[in-house]
Amino acid sequence: MYKLLIRPLLFCFDPEKVHYFTFSALRVINKIPIVSSVFNSLYQFEDKRLEREVFGLKFKNPVGLAAGFDKDAKLYKELSNLGFGFIEIGTLTPKAQDGNPKKRLFRLQEDSGIINRMGFNNGGVLEAVERLKKNNGHVLIGGNIGKNKVTPNENATEDYVICFNALYDYVDYFVVNVSSPNTPGLRELQDREPLTKLLQTLQDLNNQKTVTLSLSKGKPILLKIAPDLTNEQLLDIIAIVNDTKIAGVIATNTTLSREGLQSVNKIEAGGLSGKPLTKRSTEVIRFLAEKSNHAFPIIGVGGIHTAEDAIEKLNAGASLLQLYTGFIYEGPQLIKDINRKLLG
C-alpha cells in the first residue's frame, strides 16, 4: 500500500514539507487507539531470536532508525511502533540553529537517492532533553551530537562536551558526528590528531562520570564516519578507536560522490544517501571489520533498500543496521522484511 498509493502521493510535494507532514500524521494516528493497533499489527515483528547484545546494550532487533529523521526527539515513540529496534536522534548541537537556507532536500527518484544539505537544523540539545525525559526507558535511544556552525573547529570539543553532559542521563549510547558534509569544515575533524583529541576528551569524561555516579560502566561512544575516506584514513580510524577505547563505528554517513547518477538533481550540493551508497558503505564496513580483526562493533548504514542489502552488510561485518533513505522509499514494511529474512 505504501509503495503503490502513499509514496506516489507524498512524492508529488516538496520533500522537507512532506517530512513535517508525515511527522504530524504519525503523531495523530498514534493517538487513535484503533488505528494505532492496526499499525502495530502490520509492522511490529518481535521474536527473541532477533535480540542482539552489542556494546553492552540489548536491542530487541538489529534494525534501527538513523539520525537525521527525528532530529529533535519529537517522534521516537511513534517511530519505534513501526518496528525499529532502536532510534537515533539528532544531530543535536548546544544551541538551536536553523540550518542551511531552503531548498535543501532533494529526491533523486531515478537513482532511489536523496541529497540533503540540511546543516544540523535542530532546536538545541536542552529542548530535546525535555522530550527524552518522557521516555522512561521504553525506547532504546542513541544521541547523535555535533557542533554549532558558528563554533570554530578549535573550539569544537566544547560543543560536543556540552551535548554529552546534557544528554548523558537520557540516551543509551552516543554518536560523535564529524562526517556530515553540510557544516563547513566539520569533516576536517576526522583528521587523526583533532579526532583523537575529541574522542579522548569524551571518553575521559565518560570514565569520570562512571566513577562519580558509581556506575558499572559508561555510555557507549561511537564515531560516525564518511564513506569518502581513503583506505589510509580508514586505517587511522581503526587506530583511533583502539587508542581511545570508544565502543564502535557507524559506517557510513552521506557521500559527496555523484558517480553514476541519472537524476537532474545530481547537480545539487550536499550529502547523497540511498541506493547509490549501497556498495561503498558495504565496502567500508568490510574493510573496517577485516583490517581490525573484528575488534569493535560496526553499525551499518547506507543504501539499505531490501532485506538482501541488510544481510550483505551484516555478512560484511556489521553488528547492527540503520535505515534512512530506504525507509523513505520502501516504507515501514522494509523493517519487517529484514527481520523476517534474518530468521530465515
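**Close-up views of a predicted model**

View 1. Phi of S214 is near 55°, which is a positive value in a residue other than glycine. Most residues other than glycine have a negative phi, and most peptide bonds are trans.

**View 2. Helix 7 and the elements that cover its buried side.** Helix 7, made up of residues 192-212, has 21 residues and reaches 30 Å from its first C-alpha to its last, close to the 30 Å expected at 1.5 Å a residue. Its buried residues are L195, L198, L199, L202, Q203, L205, N206, K209 and T210. Seen down the axis of helix 7, these buried residues fall within an arc of 155°, so they line one face of the helix. The face of helix 7 turned away from this buried side carries the exposed residues E193, K197, Q208, V211 and T212. What covers the buried residues of helix 7 includes helix 6 (156-167) and strand 8 (173-177), together with strand 9 (221-225) and helix 8 (231-244).

View 3. Leaving aside neighbours within four places in sequence, Q190 is in contact with V178, S179, L195, I225, A226 and L229. The C-alpha atoms of Q190 and S179, which are 11 residues apart along the chain, are separated by 7.1 Å.

**View 4. Y160 in the largest nonpolar core.** Of the 81 residues in the largest nonpolar core, Y160 and I225 touch the most other members. Helix 6 gives the most to this core, with 7 residues. Not counting residues up to four places away in sequence, Y160 touches I145, G146, K147, V176, N177, V178, L186, L189, L198 and L202. Apart from this core lies another, of 14 residues, among them V54, F55, L57 and I299.

**View 5. Helix 9 and its packing against helix 10.** Helix 9 has 14 residues and reaches 20 Å from its first C-alpha to its last, close to the 20 Å expected at 1.5 Å a residue. The buried residues of helix 9 are T278, S281, T282, V284, I285, F287, L288 and A289, and they pack against strand 9, helix 8, strand 10, strand 11, strand 12 (298-301) and helix 10. Two packed helices are described by the angle between their axes and the distance between the axes. Helix 9 (residues 278-291) and helix 10 (residues 307-316) pack at an angle of about 20°, with their axes 8 Å apart. That angle makes helix 9 roughly parallel to helix 10. At this contact, T278, S281, T282, I285, R286 and A289 in helix 9 meet D309, E312, K313 and A316 in helix 10. Helix 9 is followed by N293, whose phi is positive, near 60°.

**View 6. Two cis peptide bonds in loops.** The peptide bond from K102 to K103 is cis, with omega near 5°, and K103 has its place in the loop between strand 4 (86-92) and strand 5 (105-108). The peptide bond from A251 to T252 is also cis, with omega near 15°, and T252 lies in the loop between strand 10 (248-251) and strand 11 (271-274).

View 7. S112 lies in the loop between strand 5 and strand 6 (113-116). Phi of S112 is near 50°, a positive value in a residue other than glycine, and at 15% relative accessibility S112 counts as buried.

**View 8. G56 in the loop between strand 1 and strand 2.** G56 is found in the loop that joins strand 1 (52-54) and strand 2 (57-59), where this glycine is partly exposed, with a relative accessible area of 42%. The C-alpha atoms of G56 and V284, which are 228 residues apart along the chain, are separated by 24 Å, and V284 is one of the buried residues of helix 9.

Technical notes:
Residues numbered from 1 in each chain as written. Predicted model: local features only at pLDDT ≥ 70, side-chain atom pairs only at ≥ 80, totals over all residues. Heavy atoms only, no water. Helix = DSSP H or I, 4+ residues; strand = E, 2+ residues; numbered from the N terminus. Expected span 1.5 Å × (residues − 1). Buried < 20%, exposed > 50% of the residue type's maximum accessible area, 1.4 Å probe, protein only. Arc of directions from axis to C-beta. Contact = heavy atoms within 4.5 Å. Core = buried A, V, L, I, M, F, W, Y, C linked by side-chain atoms within 4.5 Å. Axes fitted to C-alpha atoms, helices over the stretch in contact; angles between N-to-C directions. Parallel < 35°, antiparallel > 145°, perpendicular 65-115°, else oblique.
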